[in-house]
Amino acid sequence: MEDRVHPHAERVSVHLIRHQTDIRLLVTPCPSNPTPSEAERQLLILSLNRRRIALGLPPVVVDEELSVGARKHCEFLNLNPERVRGGLTAHLEAEGLPGYSVQGALAAKASVISYCAPSQAIELFFASVFHRLPLLSPHLAQVGLGTLTPARDLVGDVRADDTFRSIPSVKAITVLDVQSKLDWTCLSGGVVPVKFPAPGDLDVPLHFGGEVPSPLPASHPSHQLAGFPITLTFFQEWRKTIDLRVAVATLHECVPPPTVGGPESSSVLK
């Protein structure tokens, strides 16, 4: 597939998002500024650190060396839109493809990736499960950050694990390296387990934000919303018994939480 120059725009081209069929393409002019603003990137880090500090976790800083690889992977995805449409293939670079680099390939495997504005990416990550967990690690001290506004826009249906999900458009590519420089000397500082949402949080979203791969069971209807994930994450060895209880809340009442597991049940985690 080749890019074509639109007679009435600086640049236009076609962008793809995930595998399989039913692809619809929307060609739009490229914005004059190809990179999200510094303010957008700062908002991403501030948003991440606000959540970490509320949980008793240390804030992170942006590492420039890691950011080089993250930016290179943004460029790779921009040049290889079929990788975006491929879902998990967005985390893989291959030699011989346009924009391939060793640094970008390393960042691809160590990053969480979103296709919305950087200032909105953290909200998206925390509304998921798999993308949330590395952001909560007490060992996370330095991150690499790459952002790019693609020269193409896309409208299409994304098929992930036999479930169709709609990505309305690729507003930006955000690559956040959260695994390349973990500090294993930093323990959780007594924050065990790491709870999210944080105790006392207000305005917690109601719905799961969606992600690839989907953590939802195959039996969950694709057209129905799922609830916002509540996670307890253990980043170090834990030798205590956990009494899990389930609560169901509505806008008007809270159902008393029944006990899950017990002395006679093997469902108590240890």
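A search of the whole structure turns up two aromatic pairs. By pair I mean rings of Phe, Tyr or Trp (its six-membered ring) with centres within 6.5 Å; planes under 30 degrees apart are stacked, over 60 edge-to-face, and the rest tilted. This is a predicted model, with local features needing pLDDT of at least 70 and side-chain atom pairs pLDDT 80 or more, while totals for chains, interfaces and linings use all residues. Residues are numbered from 1 along each chain as its sequence is written, and side-chain values use heavy atoms, without hydrogens and water.

Start with Phe-126 and Phe-196. Their ring centres are 4.8 Å apart and their planes at 40°, so the pair is tilted. Phe-126 belongs to helix α5 (residues 118-126) and Phe-196 to strand β7 (residues 194-196), so the pair ties together parts 70 residues apart in sequence. Helices (H or I, at least four residues) and strands (E, at least two) are DSSP runs, numbered from the N terminus.

Next, Phe-196 and Phe-228. Here the centres are 6.4 Å apart and the planes at 45°, so this pair is tilted. Phe-228 sits in the loop between β7 and β8 (231-233), so the pair ties together parts 32 residues apart in sequence. The ring pairs link Phe-126, Phe-196 and Phe-228 into a cluster. Phe-126 and Phe-196 are buried, and so is Phe-228; buried means under 20% relative accessible area, with a 1.4 Å probe and protein chains only.

What sits over the ring of Phe-126? The charged end of Arg-51, 5.3 Å from the ring centre; the criterion is CZ of Arg, or NZ of Lys, within 6 Å of the centre and within 35 degrees of the ring normal. Arg-51 is itself among the buried residues of α1.

Methods: Buried means under 20% relative accessible area, exposed over 50%, partly exposed in between (1.4 Å probe, protein chains only).
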